[in-house]
Amino acid sequence: MDDLIETQNLTYLFVGLSFALYIGIAIWARAGSTSEFYVAGGGVHPIANGMATAADWMSAASFISMAGIIAFAGYDGSVYLLGWTGGYVLLALLLAPYLRKFGQFTVPDFIGERYYSRVARIVAVVCLIFVSFTYVAGQMRGVGIVFSRFLEVDIDLGVLIGMGVVFVYAVLGGMKGITYTQVAQYCVLIFAYMVPAIFISILITGVPVPQLGLGAMVADGSGLSVLAKLDATLVDLGFTAYTQASKTTIDIFAITFALMVGTAGLPHVIVRFFTVPKVSDARLSAGYALIFIALLYTTAPAVAAFARLNFIDTVHNTAYAEAPGWFKNWESLGLIGWRDKNNDGVIQYAAGSAFQGKPAFENDAGASGERMLSNATSEGANEVYADRDIFVLANPEIANLPGWVIALVAAGGLAAALSTAAGLLLVISTAISHDLMKKTFRSDISDKQELLYARIAAAAAICVAGWFGINPPGFVAQVVAFAFGLAAASLFPAILMGIFWKRMNKEGAIAGMVSGLAFTFLYIVFFKFVSPGLNTSDHWLFGISPEGIGTVGMVLNFVIAYGVSLMTSAPPEEVQDLVDDIRIPSGARVAHQH
Amino acid sequence: MPSKKDEPETIYHHEGGNAPAHGRHDEEVLREADVSGYWRANLRLLAVLLSIWFFVSFVLSIFLVDALNNIPFFGFKLGFWWAQQGSIYVFIGLIFYYTYAMKRIEKAYGVDDED
């Protein structure tokens with residue numbers, strides 16, 4: 001029990017220290033102008049921006065959930081690894097340098113000016129707010145969950161504390177404050193991710209580099225490599241082999257493509273490249289960002305494989321009475337459930353579900369002391385339910401690592417969730433104060449007033465996000481994954497064609513964005529919410545699941561935008577000059593200054 | 001240049017609020033440098049790099065994964081390694097190579113952003 005109290009005290013200490021650091025940085029890096037509030041004055045070093053982008057990008061989902069998802073999905077989990085890294089190639093090669101040269105503050109700024117249209121700007125704002133809010137709700141929830149699991153505070157109180165911290169540094173510091181806190185948050189989260197991963201890699205294979213440990217021999221004298229042992233074990237238990245695909249090739253392709261293009265089209269990521277001094281810095285900075293991201297993304301598949309192996313080794317065919325402490329800890333939190341189907345007091349793990357639905361616990365204990373469940377039993381030998389989210393959080397316990405590592409993971413999870421939430425809240429507030437207030441409704445406001453609106457909008461966005469965190473609509477978790485498909489089908493084609501095709505006009509852009517967004521949105525809503533019963537590959541368009549439909553939406557957007565553009569008049573001379581300007585890295589756009 | 005006040009319909013009105021650091025003005029660059037040569041060179045480079053991007057992420061990691069999985073690779077199956085490790089390393093290489101190659105192209109055609 002002393003250990004537990006010590007771990008908890010350490011967790012309070014680490015989380016408290018990291019929060020103090022974030023707030024300290026925010027006070028140091030206060031924003032004094034709209035330029036500092038929106039884009040940190042455009043003077044962030046490419047390496048610092050790379051770190052900030054990495055922290056901005058890697059959310060609670062990357063930190064907490066991804067390895068767990070891969071642990072269960074095996075090869076199928078590659079869609080996330082490929083999709084969420086490959087998008088940076090598109091960003092660095094096709095978007096970031098040109099948007100930097102464009103030299104404004106927001107993504108709707110580009111759409112609005114390139115397509116010389118208020119309507120286009122407002123459509124872009126709608127796409128942006130839609131994408132960003134679905135994403136941010138999940139982050140606040142993540143903050144609450146980390147608080148409740150590690151610090152034993154109520155989830156709601158955890159959300160409120162998280163809101164308070166983001167409030168201080170986002171409202172006060174704007175992009176400038178967020179950028180430098182994100183640099184600190186990246187350091188916290190990557191350290192917290194790597195330490196347990198290295199420990200576990202040494203434990204299982206004796207190799208201290210997890211990326212190599214994934215291909216190494218298991219140090220149990222079996223003479224099998226990690227993946228070979230995992231394949232053999234899983235097939236024995238009735239699963240598909242770990243390295244084998246279970247989704248169709250077309251669906252894996254579509255999901256990966258949608259995630260890549262969606263990554264490149266996410267406003268809170270794009271806007272980070274507005275903060276570096278030069279066009280060449282935007283390219284370089286995307287490269288650094290991907291290195292910092294890849295550190296975690298190449299470690300995650302190793303963590304996933306080790307965790308699955310460890311889980312099976314320690315749980316399968318173990319008497320419940322002798323099960324390790326973490327098994328019971330997570331059971332008491334409701335994230336592991338065990339039903340002793342054959343009444344032998346021993347835990348059996350196999351393919352298939354143990355019982356139907358999420359665990360619903362009763363108050364009394366079973367014959368072996370387990371928590372009884374009221375769920376209907378499923379067919380098959382499997383007796384264990386395990387929530388995927390526990391793997392990264394439970395890893396230090398599974399591997400018997402010291403208390404300070406567990407405390408570190410808690411601080412890392414919070415850093416991941418808070419940094420992403422702050423980045424998202426900033427683009428939402430910027431879209432409101434800059435694109436709606438300044439550029440659409442009240443062009444006469446001064447810089448000072450605009451800054452005040454930006455702060456009010458940030459504060460309001462935090463409250464809305466917090467409300468979603470405390471009262472999560474049941475569909476938030478599912479919807480987060482769809483933010484990518486929506487971004488891929490709406491913003492990406494409009495930005496890309498705006499740069500690479502001079503003939504693209506406002507009619508084409510608006511028609512493309514509206515049809516891409518509407519198609520993707522309706523497809524998702526139909527299969528996920530209207531007729532979930534039909535959500536099988538037989539009914540899908542081209543066999544593509546709602547997760548991957550953004551790829552089709554994107555193609556639709558391109559085709560409609562192209563066709564409509566050709567049928568309507570060419571964009572004005574002035575706009576074609578603008579396209580010439582953004583294509584060349586050198587020079588300032590003095591021709592258009594007034 | 002027409003004044004913006006004469007065209008209430010258009011909101012194209014660039015104030016250069018976050019213009020990148022620079023040495024020269026665009027008009028000067030557009031007049032003197034070989035801008036179309038630069039753009040063609042850029043597009044050629046993009047075509048090559050994006051083909052590699054497509055090849056590693058989709059051909060090696062997805063379409064050919066079953067065939068490549070028959071080949072052992074440092075304790076991995078090769079297709080699986082491309083999907084969960086190799087592609088990511090190639091992505092990093094592609095971005096840094098593009099950064100490097102673009103610097104050279106920009107210098108060669110006189111459009112680089114060095115001060």
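The model is predicted: local features need pLDDT of at least 70, side-chain atom pairs count only at pLDDT 80 or more, and totals for chains, interfaces and linings use all residues. Residues are numbered from 1 along each chain as its sequence is written, while chains are lettered from A and ligands numbered from 1 in the order in which they are written.

**Chain A against chain B**

- In chain A, 63 residues are in contact with 56 residues of chain B; contact means that the C-beta atoms of two residues, placed from the backbone, lie within 7 Å.
- On the chain A side, two or more residues each come from α2 (34-39), α5 (78-102), α6 (107-114), α11 (249-264), α13 (279-315) and α21 (573-583). Helices (H or I, at least four residues) and strands (E, at least two) are DSSP runs numbered from the N terminus.
- The most is given by α13(A), with twelve residues.
- By class, this side of chain A has 31 nonpolar, 21 polar and eleven charged residues. Nonpolar covers Ala, Val, Leu, Ile, Met, Phe, Trp, Tyr, Cys and Pro, charged covers Asp, Glu, Lys and Arg, and polar covers the others, Gly among them.

**Helices α4 and α13 of chain A**

- Helix α4(A), residues 60-73, packs on α13(A) at an angle of about 50 degrees, with the axes 8 Å apart.

**Chain B**

- Chain B has four helices and two strands, in the order α-α-α-β-β-α from the N terminus.
- Of the 115 residues in chain B, 35% are buried, that is, with 20 or more other C-beta atoms within 10 Å of their own.
- Taking contacts in chain B between residues at least 6 apart in sequence, 62% join residues at least 24 apart.

**K502(A)**

- K502(A) sits in the loop between α18 (476-500) and α19 (506-530) of chain A.
- Because 17 other C-beta atoms lie within 10 Å, K502(A) is partly exposed, the class between buried and exposed (12 or fewer).
- Beyond neighbours within four places in sequence, K502(A) is in contact with Q576(A) and V579(A).
- Y453(A) is 49 residues from K502(A) along the chain, and their C-alpha atoms are separated by 35 Å.

Conventions: Axes are lines fitted to C-alpha atoms, for helices over the stretch in contact, and angles run from 0 to 180 degrees between N-to-C directions.
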